[in-house]
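Visitor: Could you walk me through how to read a few features here?
Guide: Gladly; let us look together.

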Amino acid sequence: MKRVLTGLKPTGNLTLGNYIGAIKPLIDMQNNEDYEILLFVADLHALTIYQDPTLLKERVKKFVAMYLACGVDPNKVTMYIQSKNPYIAAISWILECNTYYGEASRMIQFKEKSKGSSNFSIGLLTYPVLMASDILYCDADLVPVGIDQKQHVELARDIADRFNSKYGMTFKVPEALVTKVGTKIKDLKHPEKKMSKSEENPNGVISLFDSEESIIKKIKGATTDSDNLVYFDEENKPGISNLLNIASVMTSRTINDLESEFKNSGYGTFKNYVAMVTAKKIGEIQSRYNELLNSKEVDEILNKGLDVSINLAKEKYELVKEKVGLSD
């Protein structure tokens, strides 16, 4: 069985794009008996830029509850909050002392976010090492990432190899599991770019926390084109193609099936259909979410997962301390 580590960052707002691009693939993976999955809330990573403390604390529980409501099974996925495991940050410091500045400064996100400014936190430079600690403390075999995040797993591999070479075998060297490009949900107002939880225009983004009224209004106001024909063509009809993708995922129907049904309908009829099925699906998720948020279930799941995480991390930390010569 392969141990898989994945994380969720409690910033912004969970969107329909997150559901389709990140949560559904996790749900599919949890049903594969070849995988043991650890899912952590990367709240320490969120601190690389200022976060309102009250909002950050709220988002942690809300995001976990929403993942569970979407179908993540706590009997198949171990869930925990990163910051509640003190050994992860302790291991990270030792790994920082075995990482070169040049390696950290070459990370794409650091280069992009620090470009032209010296007013960035040291955490922006070093958080990829914390990410390596997240991966290495639990001897993860696989880390699911998009192609833009593969560099971080490569850094974790380099750090593990260097540490093992210096001090003897300590860390399993992980592999990046580059996620296949699946259905990509685009911004409703600007369908040439992906739907993002950090997008400034809320009318282009469907949040998993939106009301039914808001979801319907946003979809009916989605940017399309002028020929009033419903068919899939991402290059020439990005808006309609995006709505077809949304409808397909929300109903588990094929694009061809939807094209056939709405080939003689105008955009108004089609948008109304997409709006209704999307609002219905998200409404069902929200119903379960509200049950979870108003119960002790989320805390119980996180506490159980934290016990698993701490046991793994404590054992690894003691080994690392011994390897580098730190006394008890």
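Guide: Two strands pair if DSSP finds at least two bridges between them; strands (E, at least two residues) and helices (H or I, at least four) are DSSP runs, numbered from the N terminus. This is a predicted model, where local features need pLDDT of at least 70, side-chain atom pairs count only at pLDDT 80 or more, and totals for chains, interfaces and linings use all residues. Residues are numbered from 1 along each chain as its sequence is written, and side-chain values use heavy atoms, leaving out hydrogens and water.

Visitor: How many bridges join E4 to E5?
Guide: Four, and strands E4 and E5 (residues 175–178) run parallel. Val-143 has Ala-176 as its bridge partner in E5.

Visitor: Which residues of E4 point which way?
Guide: Buried means under 20% relative accessible area, exposed over 50%, partly exposed in between (1.4 Å probe, protein chains only). From E4 (residues 142–145), Leu-142 and Pro-144 point one way, Val-143 and Val-145 the other, and all are buried.

Visitor: What should helix H2 span?
Guide: The expected span is 1.5 Å times one less than the number of residues. The 18 residues of H2 (residues 53–70) should therefore span 26 Å, and the end C-alpha atoms agree, being 26 Å apart. After H2 comes Gly-71, with a positive phi near 130°.

Visitor: Where do nonpolar side chains tend to be?
Guide: In soluble globular proteins, they tend to be buried together. A nonpolar core is a set of buried Ala, Val, Leu, Ile, Met, Phe, Trp, Tyr and Cys residues joined through side-chain atoms within 4.5 Å. Here the largest has 62 residues, with Tyr-67 and Leu-243 among those with the most contacts inside it. H11 gives the most to this core, eleven residues.
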